[in-house]
Amino acid sequence: MTDKPISGDALEDDFYEDDLVAASASEEEEEEAEQQTTTTPSKTSKKRKAKKEKAKRKRARQDPFNDIVHIFKSDPATQCAYVHDRQRLALSKLSNIELDEQMLPEAQFVNNDNFKQSEHTLDTLPNYVKFGVMRHSKLIKAPEAKATPMVLVLTHAAVRAADLARALKPLQSETHKIAKLFAKHLKVEEQVDFLNRQPIHIGVGTPNRIKLLVEQGHLKLDALELVVVDTEKNAKQFNVFENDAVRGDLYSFLGTYVAPRAQEKQTKIALF
């Protein structure tokens, strides 16, 4: 399938696609002048690199969220505005009306100021999940239905998902396990078999694989109360909302399956 970013399941953490930046009239003239001048490959490479850096700085100046280092530390209103801003970039082909239909309401963003452990680390993740679930005592009880998680944790890469799943082990028991819903070393058939056999409260994975399992009917969202989006940055300093490799699938999943539930106040969004 062409023109679609490759899933983060199959990529290294530091993968990203260069943004396409339209050159200004003056830049085009400079480029033409460069083509008319005989240059060595190394000089051409340096000029291209300098041009990319200039475009990157220009985008940074235009980004209203450029000064935010950790979006999870922002208030719900800022988080909501940030998520919607990145949504428009990720789903640029959708009209404003279509984007509005897929928007996540501000009221459903979890207020992280109320979470007593200010630093979001792997060690604090189990407590954060309990914090986000309205009656977290339900996480202790055996699930009533199979393949119907109460919590989904989404992240940018399979390796990171594996780390998050290990961190959440304190919340699993003999009656319910943590579902690993990503592609690295795990086939869809294996995950379907697991979901059919093992009741779960929590699933951890990448947007592409989770969306696929939902689309095929293997993962049901009827009991979904909380979607935790991991905002860890990769080697290129992009989080899951900004990484071209995964953000398309992330917003497709959120807009298609989570937004309707959030608009009905059935599901909350938490940035970790």
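Analyst: A residue is called buried when its relative accessible area is under 20%, exposed when that area is over 50%, and partly exposed in between. By that scale arginine 88 counts as partly exposed, because its relative accessibility is 37%. The model is a predicted one, and the values that follow are computed from it.

A search of the whole structure finds 13 salt bridges. In one of them the side chain of arginine 88 meets that of aspartate 100, with an N to O distance of 3.6 Å. Arginine 88 belongs to helix 3, which covers residues 76-90, while aspartate 100 belongs to helix 4, residues 96-101, so this pair ties together parts that are twelve residues apart in sequence. From C-alpha to C-alpha, aspartate 100 and arginine 88 are 9.9 Å apart in space. Aspartate 100 also counts as partly exposed, because its relative accessibility is 40%, a value that lies between the 20% and 50% limits.

A second pair to consider is lysine 138 with glutamate 225, whose side chains meet in a salt bridge at 2.3 Å, N to O. Lysine 138 sits in the loop between helix 5 (125-132) and strand 1 (151-154), and glutamate 225 sits in the loop between helix 8 (207-215) and strand 4 (226-229), so the bridge ties together parts that are 87 residues apart in sequence. Glutamate 225 counts as buried, since its relative accessibility is 19%, and the limit for that class is under 20%.

A further bridge links glutamate 232 with arginine 160, and the closest N and O atoms of this pair are 3.4 Å apart. Because glutamate 232 is placed in the loop between strand 4 and helix 9 (247-263), and arginine 160 in helix 6 (residues 158-167), the pair ties together parts that are 72 residues apart in sequence. The two partners fall into separate accessibility classes: glutamate 232 counts as partly exposed at 30% relative accessibility, whereas arginine 160 is buried, with a relative accessible area of 12%. Elsewhere, salt bridges that share partners join Asp63, Asp85, Arg86 and Glu242 into one network.

The loop that holds glutamate 232 also contains threonine 231, again between strand 4 and helix 9. Threonine 231 is buried, with a relative accessible area of 10%. When neighbours within four places in sequence are left aside, the residues in contact with threonine 231 are Ile71, Phe72, Asn239, Phe241, Leu271 and Phe272.

Key. Residues numbered from 1 in each chain as written. Predicted model: local features only at pLDDT ≥ 70, side-chain atom pairs only at ≥ 80, totals over all residues. Heavy atoms only, no water. Salt bridge = Lys/Arg side-chain N within 4 Å of Asp/Glu carboxyl O. Helix = DSSP H or I, 4+ residues; strand = E, 2+ residues; numbered from the N terminus. Buried < 20%, exposed > 50% of the residue type's maximum accessible area, 1.4 Å probe, protein only. Contact = heavy atoms within 4.5 Å.
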